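This report goes through one protein chain, from a single side chain to the overall fold. The sequence and the structure are shown first.

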Amino acid sequence: MKIRGIIMALTFMLLLSGCAGKQPDQNAAQNADQNAGESGEQGNTAQVANPWKYGVSAEDVKKLTGMEFIVPEGAENVSYAIMEAEGLAEMKFDLDGMSYCARMKPAEKSEDISGLYFDNKNTEDVEINGAAGTEFRAENGGETVDCVQWYDDMNAMTYSLSTSGKDLDGFDITAVASQMYGADE
């Protein structure tokens, strides 16, 4: 009985000593994070450079792709970005209370340039002012994501337009895409 009590006491002491082990120095961790922000490095982790160049002009987009984005009438907060290595251009804008992301890229055939990857999505073939395309809708964390992609074979250009919202029932993303493509033809 005494041996059992001694073993239990030793076990209890070992458990307590493990819980009282050295805690990480939070000040040291914060200092490392601050220094990483200044030097661009964080510990031994390598950081990958962001391939997107933000704050570019519409002219920069045209130089890269050979085409201009058509900004839908009433769009606000229009901004552009390019990924030079991929020849990919992006335009973000707000319209009628919704935020959109439009992309275009010179390509020999249609390709998914949306940057959206969902396994469970509903797709439908569509036409955007004479160009064949695909529209999809997916659910993501309580929001609905709509995306339409189409290909302009005359100009060898692939496009995408996407948005998201809580309730997109009755919303037609192809109507917005139609304003952006072939609008001045």
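Which residues does Arg103 touch, not counting residues up to four places away in sequence? The model is a predicted one, and the contacts of Arg103 in it are Trp52, Phe69, Leu88, Ala89, Glu90, Ile113, Ser114, Gly115, Thr158, Tyr159 and Ser160.

Arg103 is part of strand S4, which covers residues 98-106. Its relative accessibility is 13%, and because the limit for a buried residue is under 20%, Arg103 counts as buried. The side chain of Arg103 makes a polar contact of 2.9 Å with the side chain of Glu90.

Glu90 also has a place in the strand pairing: in S3, Glu90 is the bridge partner of Ala81. Among the other residues that Arg103 touches are Leu88 and Ala89; strand S3 spans residues 88-95.

## Strands S1, S2 and S3

Strand S1 (residues 53-56) and strand S2 (residues 76-83) run antiparallel and are joined by three bridges. Tyr54 has Ala81 as its bridge partner in S2. On the other pairing of S2, six bridges link S2 to S3, again in the antiparallel sense.

S2 and S3 form a hairpin in which four residues lie between the strands. Gly87, in the turn, has a positive phi of about 70 degrees.

In a regular strand, side chains alternate between the two faces of the sheet.

## Thr163

Is Thr163 buried or exposed? Thr163 lies in strand S8, residues 157-165, and it counts as buried because its relative accessibility is 4%. A polar atom of the Thr163 side chain lies 2.6 Å from the backbone oxygen of Ser99.

With residues up to four places away in sequence left out, Thr163 touches Met98, Ser99, Tyr100, Thr144, Val145, Asp146, Phe171 and Ile173. Between Thr163 and Arg137, which are 26 residues apart along the chain, the C-alpha separation is 9.9 Å.

## Aromatic rings

How many aromatic pairs are there? The count is six. One of them joins Phe93 and Tyr100, whose rings are stacked, with 5.0 Å from centre to centre and 10 degrees between the planes. Phe93 and Tyr100 are both buried. Tyr100 is also one of the residues that Thr163 touches.

Trp150, Tyr159 and Tyr181 belong to one aromatic cluster. Of these, Tyr159 is also among the contacts of Arg103. Elsewhere, Lys121 lies over the face of Phe136, 4.5 Å from the ring centre.

## Overall fold

The protein contains four helices and eight strands. Along the sequence these elements follow the pattern α-α-β-α-β-β-β-β-β-β-β-α.

The protein has 185 residues, and 35% of them count as buried. Its accessible surface comes to about 12,400 Å², and 49% of that surface belongs to carbon and sulfur atoms. Of the contacts between residues at least 6 apart in sequence, 44% join residues at least 24 apart.

Terms used:
Residues numbered from 1 in each chain as written. Predicted model: local features only at pLDDT ≥ 70, side-chain atom pairs only at ≥ 80, totals over all residues. Heavy atoms only, no water. Phe/Tyr/Trp six-rings, centres within 6.5 Å; stacked < 30°, edge-to-face > 60°. Buried < 20%, exposed > 50% of the residue type's maximum accessible area, 1.4 Å probe, protein only. Lys NZ or Arg CZ within 6 Å of the ring centre and 35° of its normal. Helix = DSSP H or I, 4+ residues; strand = E, 2+ residues; numbered from the N terminus. Contact = heavy atoms within 4.5 Å. Polar contact = N/O pair within 3.5 Å; in protein donor to acceptor, adjacent residues only side chain to side chain. Areas by Shrake-Rupley, 256 points an atom, 1.4 Å probe, with all protein chains shown as cover. Pairing = 2+ DSSP bridges.
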